[in-house]
Amino acid sequence: MKKFDLPQLEDFPIESFQQDLIGWFTEEMRDLPWRKDQDPYKVWVSEIMLQQTRVDTVIPYFNRFIEQFPTIEALATADEEKVLKAWEGLGYYSRVRNLQAAVQEVHETYGGVVPNTPEEISRLKGVGPYTTGAVLSIAYGVPEPAVDGNVMRVISRVLSIWDDIAKPSSRKIFEQAIRELISHKNPSYFNQALMELGALVCTPTSPSCLLCPVREHCHAFHEGVTSELPVKTKKKSTKRVRLASAILVDSSGKIVLHKRPSSGLLANLWEFPMAEVNAFSTPREDLVRFIQEHYSEQVELEKVQLDKIEHIFSHLVWEVDVFVGTISGSIKEPGARFVTADELEGDYALPVSHQKMWKSFKAERK
DNA sequence: AAATCGGGGAG
DNA sequence: CTCCCAGATTT
């Protein structure tokens, strides 16, 4: 059995690399709220929030979330709706549902202590290979790889690895590389330093190689191919979906909200009644038909459309024609309820697309 | 392996 | 406009 799968590691000065990297991080690391201590719970929350999400976006969410749910116990026993509301606008909402479920398991099964082995922690909902390594190394000092997009970019350049990082199978190559490279003396700083380097210096386009602490160890830099790495195939374009939605008000001024299904896109979030638009009919026709079938026959939409919104997701685009109307009579749809404007804003988590509609409604109405 | 799942910022 | 971000889960 060979010692290294990667021939680039044969003569690689591992200790020197570790020293340069960790030394740089010690001096240059950003002052971030989840770095104030190594509370495994807070490290965990931050890692979930940071999945596919930028540091600057996460900071205010993290501070509010920890203030509202300071401990495992607090989050485990919190009301689901309040937890979702705290996540409103952050996206990938299954993250927070999985997080609360996992925290409840830690609360009940592990006595409120986040487990410190790869086997146990990776069994928790929403904790995949990256988060497993991140929490173990940062909170517990366990030398496990934490391979995210930053790490794949940095290591692909340092070791001149030309595998397509968009392929799931490539992650294992980088994990193996990190297992060889990682500092056993300070796994936490080693992993964080790689990510920090990717975020601040070894950026996707025009990396600041002249400021890089590991430039001398970097194969791509010496070969002049930093702009060609990492190799990443691009994803195919998004599909478009035509929708129509209505802000419906009853005689007492309350507004109709509908709770989305517990799985799929924007699961468990609240929205204004919304219908898909058939290719051969108008938004207004399909919307009125939908509302009469699912809510009440007694609905009247205003003649002039309120707005038209385009909302872009990762894999699709919503084109929403927005209407305003009045509604009366009993409501058929069991997932619906009437709420005041204050309740809508304070108690119900809405996707950003529907927040845009609400904002438009309020602007029109004042 | 490919698709799904949000939203925003950078170039 | 395109890319991509401290990815995980489902199909």
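**Exercise 1. Which domains does the domain assignment of chain A give?**

Start with the bounds, which come from an automatic or database domain assignment: domain 1 covers 7-228 and domain 2 covers 239-365. Before going on, note that this is a predicted model, where local features need pLDDT of at least 70, side-chain atom pairs count only at pLDDT 80 or more, and totals for chains, interfaces and linings use all residues. Residues are numbered from 1 along each chain as its sequence is written, chains are lettered from A and ligands numbered from 1 in the order written, and side-chain values use heavy atoms, with hydrogens and water left out.

**Exercise 2. Work out how domain 1 and domain 2 meet.**

Step 1: get the spacing. Taken over C-alpha atoms, the two domain centres are 38 Å apart. Nine residues from domain 1 and 17 residues from domain 2 make the contact (heavy atoms within 4.5 Å).

Step 2: get the area. Between them the domains bury about 960 Å², 47% of it on carbon and sulfur atoms; buried area is the accessible area (1.4 Å probe) that two parts lose on being put together, summed over both. On the domain 1 side, Glu81, Lys85 and Tyr93 lose the most area, together 49% of what that side buries.

Step 3: look for charge pairs. There's one salt bridge between the domains, that is, a side-chain nitrogen of Lys or Arg within 4 Å of a carboxyl oxygen of Asp or Glu. Lys259 and Glu81 pair up in a salt bridge at 2.7 Å, N to O.

**Exercise 3. Sort the lining of the second largest pocket into classes.**

Step 1: list the lining. It's made of Glu15, Gln18, Gln19, Ile22, Gly23, Ser183, His184, Lys185 and Asn186. On a 1 Å grid over the protein atoms alone, a pocket is an open set of points with protein on both sides within 12 Å along at least five of seven lines, and lining residues have an atom within 4 Å of a point.

Step 2: sort them. You get one nonpolar, six polar and two charged, with Gly counted as polar.

Notes:
1 Å grid on protein atoms, 1.4 Å probe; cavity = no way out; pocket = protein on both sides within 12 Å on 5 of 7 lines; lining within 4 Å.
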